[in-house]
Amino acid sequence: MVRRGDFKLRHLVNAFVFISVITTLSVSIAISYHNEKKSLIRMTFELNKIYADKVAETVDGLFLGLKQGLKVTGAYLQKDLNRPDMFEQLELFRHNHSSLNSVTLVNRAGIITQTSPYNKDLIGKKIGPDIDKLFIQQRPIISEPYFTTTNYLSVSIIQPLFNEYGEFIGALGGTIHLHETNMFNTILGDKMRGEDGSYFFVVSSEGNLIYHPEPSRIGEKVVENPAVAQLLEGKSGVQRLTNTKGVDMLASFTYMKESRWGIVAQTPTNIVLKATRQLVMQVLVVVIPILLAFMLVIYTLIRKMSEPLVRLANYAAKLSTNNLEHEEPPRIHSWMYEANKLHKAFSLAVSHLRTEFDDLSHDAQTDPLTGLYNRRTMELFMTNLFSQEKRFSILVLDIDNFKHVNDSYGHEFGDYMLQFLAESLQKSLGKSGVCFRYGGEEFVVLLPGTTLQSALTRAEMLRKSLEETAGPGGKHITVSIGVASFPETTSVTDKLFGLADKALYQAKSLGRNRVELAEKEAALDC
C-alpha cells in the first residue's frame, strides 16, 4: 500500500507538470506561428510596395523627362516647320533621349513630314487611326500601348505644336518600342521574377499586360484581377488576392500618374507561410531541449518534495496498537492537500512570470524618465495609422534653449523640466492625442482623425498654455512646434515625420516659441 500511494502521488504531479508544459508549449507555438505569419505577410506587403513605388517613380520620371524634352524641342521647332535642318534637329533630339526608338514630325493634316531615323516609306503618309485619335486632341498625351505594323509593342508621346498666333500646326511625337533595348525595358523587363517566387507585372490604363515574366501573356486583358481593378481606378495599395490563375497572392500595387499604367508586385502566399513554418521549426529546435532540461529539474524537485510524504507512509506502516501512543505523526492533513499546494505554487510562478513579462514589455515601450511612450512605440503607432490610411496629424516639439537650462541649473533640474512638459502634454491632450518622447528634449504628439488646421489650433493652444504656466522652480518654458498632417501635407508615409521635424527647425530659426506648418509635398506636373 505504501508503494502504491507513493507511486500515485509522484506520477500525478509529474503528469500535471507535463500537461502544463505541453499546453504552454502548444499555445506558445500557436501564438508564435500566428504572430510570425502576420509579421511576414506585413513585411512582404511592405517590401513589395517599396519595390512597386520605386519602379513607378522611376518610370514616371522617365515619361516626365521625355514629355518635357518634347515640349522644349517642340517650342523651338514650331517657329519654322520647314527649316532645312529639321532632320538633323530630330536626330539630335532622339540621340539625346535614348529611350525613344523614333521621332516623328506631323503637320496639321496628320501627314508625316519628317522622321528620325529617316524612313522614306513613311514621309508623306497619313498617321495611323490609333495615333490620329490622340493627334486631334491637340494636347500633350501618352498613348495606350499598341502593336505597330512591324509587330512592336509601342507607346507614343505626342506634343502638339502651335504657331505664334496659337493656331494648331502639327505635332512632334516620340515612339518607344517597349520590349527593345532601352531604359524602360531595363527597368521593367529585367529580373521580373525573384528567387522566392515573387514577380511583378505592368498593365496599361485599359488593363492589358505590358510586361510580364511570361512573354506569351503580353497583351492579355487582366481586369478581373482585384489589384488591376484598383489600378484602373487610379488607386495604389496592398491586398491579399487570388490572381487570374487561381493562385493566392500577397500583392502590392502602385498607380503611375504620368503613363496611367500600374505595376503589381506580388508573392505567392504559400511561400510566405512555408517560411513561417520553417521559422517556427527553428524555434522548436532551440526550445524543446530547454524544456526537456526544465522538466528534468522539475521531476527532481518533485522527488525531493515527496520525501516527507514517503516518510509519512513508512510511519503508517509501522503503526500498531503497541506504539500508537508513543509515535507522533507529522503535521499533515492528506496527500491531496500537498497536491493543491503544488498547484498553487505553480500558478503563482506562472503569474510571476507574466508580471515580469508585462513589466519588461512596459519598459520596452515607454520612456523611463517621463513615463511617455518612446520612439519605437511611436513608429508602431504611425505604421498602424498609415496601414489603415486614417487621417491624422503630428506635432513635433522641443523645449527652447534646453541646453541653457541644463548648463545653468543642472541636469537634474532639466529632468524635472522634461517631466513637467510630459505631464502638461498629457493633461492638455487627454484622450484626444498620444504623446511620445522622441529623444532628448524632443517630443511628438499624434492626433488621430485631426485635420491640419485643427492640429495647428491645438498646437498654438498648447504652446500658449506652456508659455503661461510656471514650471519647476517657478521657471517658465517655451516650446517650438512643427505641424504636419496625413494626407494633407503628404501621402508618402516615409516623409511625414521629416516634414514636421523640418517645420520645427523652421520655427526655431524664426525666433523660437512659435508654431510652423510643414510645407506640403509638391506634386508632379501631369
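Buried means under 20% relative accessible area, exposed means over 50%, and partly exposed lies in between (1.4 Å probe, protein chains only). The model is predicted, so local features need pLDDT of at least 70 and side-chain atom pairs count only at pLDDT 80 or more, while totals for chains, interfaces and linings use all residues. Residues are numbered from 1 along each chain as its sequence is written, and side-chain values use heavy atoms, with hydrogens and water left out.

**Stop 1: Arg463 and its partners**

Select Arg463, which counts as buried at 10% relative accessibility. A salt bridge is a side-chain nitrogen of Lys or Arg within 4 Å of a carboxyl oxygen of Asp or Glu. Glu460 makes one with Arg463, and the closest N and O atoms are 2.5 Å apart. Glu467 also bridges to Arg463, with 3.3 Å between the closest N and O atoms.

Why are Glu460 and Arg463 separated by about one helical turn? They are three residues apart in helix H11 (residues 452–468). Glu467 and Arg463 are four residues apart in H11, and they too are separated by about one helical turn. Helices (H or I, at least four residues) and strands (E, at least two) are DSSP runs, numbered from the N terminus. Both glutamates are partly exposed: Glu460 has 33% relative accessibility and Glu467 has 32%.

**Stop 2: Arg217 and Glu220**

The side chains of Arg217 and Glu220 meet in a salt bridge of 3.0 Å, N to O. Arg217 is buried, with a relative accessible area of 8%, whereas Glu220 is partly exposed at 28%. The structure holds 16 salt bridges.

**Stop 3: the nonpolar cores**

A nonpolar core is a set of buried Ala, Val, Leu, Ile, Met, Phe, Trp, Tyr and Cys residues joined through side-chain atoms within 4.5 Å. In soluble globular proteins, nonpolar side chains tend to be buried together.

Select Phe63, Ile176, Leu188, Val202 and Trp261. Of the 35 residues in the largest nonpolar core, these five touch the most other members. Helix H1 (residues 2–77) gives the most to this core, with eight residues. Now centre on Leu188. Not counting residues up to four places away in sequence, Leu188 touches Val55, Val59, Phe200, Val202, Tyr211 and Trp261. Apart from this core lies another, of 28 residues, including Phe402, Phe413, Met417 and Ala455.

**Stop 4: Ser154**

Is Ser154 buried or exposed? Ser154 is buried, with a relative accessible area of 0%. Ser154 belongs to strand S5 (residues 153–162). Contact means heavy atoms within 4.5 Å. Leaving aside neighbours within four places in sequence, Ser154 is in contact with Glu144, Pro145, Tyr146, Thr148, Thr175, Ile176, His177 and Leu178.

**Stop 5: a five-stranded sheet**

Select strands S7 to S11. Five strands form an open sheet in the order S8-S7-S11-S10-S9, with antiparallel pairing. Strand S8 (209–211) and strand S9 (237–242) stand at the edges; each has a single partner strand, so one side of each is left without a neighbour in the sheet. From one strand to the next, the twist averages 35°.

Two strands pair if DSSP finds at least two bridges between them. Strand S10 (residues 248–255) and strand S11 (residues 262–268) run antiparallel and are joined by seven bridges. To end the tour, select Leu250, which stands opposite Thr267 in S11.

Methods:
Axes are lines fitted to C-alpha atoms, for helices over the stretch in contact, and angles run from 0 to 180 degrees between N-to-C directions.
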